[in-house]
Amino acid sequence: MYLDQSFLSDICFPANETGIEKRLYHKLYELKVQQKIFLLVSDIHSIETSAIPDEYTKNRMILWEFQNNLANGNIAGNFYDVFAAQTRRMLIEQDGTDPFPFTDIGLDDPHRWQVGMNVVPTNSWRLRLNRAYALPRDEINEKFLNIIDRQVKNIPDCRGVRDCLNHVTELWRNDIQQGINAYNQQCEILLIMQQLTEEFETGKPISNQIPQLSDAPFRRIVSDVVNGLDESAVLLRWSELLKSNPILICPALRIKIAFEAELLRMRWQGYRPNPKKFNANFGISRQNDIDHISTFVPYVDALTTDNDMSNLCQREVVAEELARFPAKIFSKKNYNDFEAWLDTLLVTSA
């Protein structure tokens, strides 16, 4: 189970001390102690907690400690960890194996009974680490604003959301291919450097110059995907798949693309233009929610999100992708359903 920032805040700072939020907390904690549920903690939302301004230090610490108390002592992977794991498995075609093992998100088997002391590596050092990497929200949102407005300007046709889906898919295909090209270039540069070293050591004239490495954000991800594999064969297969049918990509990316297509359609139509609400509608807060759903839906039985994100999950192309998985999505508008589901688990455990 994955609990998002909005749920943690509702539980941590409930409007009513005797309301459903308190009941949910006690039931979650009881099920956790009984090891009937396994609660994931990820840097996707932990960084959001870390970035709470200093004037709200007390709230930041309360929320962080609350997260630690519910956590099972593991930090789950992020979107790009899962993207690399899923893509790697797709490329080497391991038929008959579990398509979504828990190792993708950096966890051992959560169903194995835990005995003895459990060290929780989500303590204060993790808070300091995340705060160190938490860029100012306005700075991050400025980048997202530039990206989505550039997409709105450059999309050739936007009569429907599937036009946006095709456009975003092509953008991702190009980014991944550039990453593959940059990784191949990196390998060539390393080979040239090795040759130059040999020439220098033997006193031969230097015959080559080192080319400049292209800037491609996906180069590191490509490296993670092919690590330990037959690089040439795997990269060739990956490029061929991208050319023939770029939608045949990992499930995490399929879900993320669907969300991005819906947001692009909204932006193109002029929905939600208020710049003061850009963070919640299109910015880092929205991107974190997209990442946590895209990352964890194939692996969890249930996750929480806010009401607006829950509505976005029901839009056309997103709903199609999410329907491939049995995970339940709960938000404040259906906390009653969440409580009923927890009650079922409690009855089962009894």
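Helices here are DSSP runs of H or I with at least four residues, strands are runs of E with at least two, and both are numbered from the N terminus. Counted that way, the chain has 16 helices and four strands. Before I go on, please keep in mind that this is a predicted model, in which local features need pLDDT of at least 70 and side-chain atom pairs count only at pLDDT 80 or more, while totals for chains, interfaces and linings use all residues. Residues are numbered from 1 along each chain as its sequence is written, and side-chain values use heavy atoms, with hydrogens and water left out.

Let me begin with the chain as a whole. Of its 350 residues, 47% count as buried, where buried means under 20% relative accessible area, exposed means over 50%, and partly exposed is in between, with a 1.4 Å probe and protein chains only. Contact means heavy atoms within 4.5 Å, and of the contacts with a separation of 6 or more, 77% are between residues 24 or more positions apart.

Helix α3, residues 43–50, has six of its eight residues buried, so it is largely enclosed by the rest of the structure; the buried ones are Asp 43, Ile 44, His 45, Ser 46, Thr 49 and Ser 50.

Now to a helix pair. Helix α5, residues 79–92, packs against helix α11, residues 251–269, at an angle of about 130°, with the axes 8 Å apart. The axes are lines fitted to C-alpha atoms, for helices over the stretch in contact, and the angles run from 0 to 180 degrees between N-to-C directions. Angles under 35 degrees count as roughly parallel, over 145 as roughly antiparallel, 65 to 115 as roughly perpendicular and the rest as oblique, and α5 and α11 are therefore oblique to each other. From α5, Phe 79, Val 82, Phe 83 and Gln 86 meet Pro 251, Ala 252, Leu 253 and Lys 256 of α11.

Within that contact, the charged end of Lys 256 sits over the ring of Phe 79, 4.9 Å from its centre; the criterion is NZ of Lys or CZ of Arg within 6 Å of the ring centre and within 35 degrees of the ring normal. Arg 267 likewise has its charged end over a ring, that of Phe 282, at 5.2 Å from the centre. Both Lys 256 and Phe 282 are in contact with Gln 287, a residue of helix α13, residues 284–296, which is buried at 11% relative accessibility.

What does a search for aromatic pairs find in the whole structure? It finds 16 aromatic pairs, where rings of Phe, Tyr and Trp (its six-membered ring) pair if their centres lie within 6.5 Å, with planes under 30 degrees apart counted as stacked, over 60 as edge-to-face and the rest as tilted. One of them, Phe 7 with Tyr 335, is edge-to-face, at 5.7 Å centre to centre and 85° between the planes. This pair links distant parts of the chain, since Phe 7 is in helix α1 (residues 5–12) and Tyr 335 in helix α16 (residues 335–349), 328 residues apart. Phe 7 is buried at 1% relative accessible area, and Tyr 335 is buried at 3%. Ring pairs also join Phe 7 and Tyr 335 with Phe 330, Phe 338 and Trp 341 in a cluster.

Conventions: Lists of a residue's contacts leave out its neighbours within four places in sequence.
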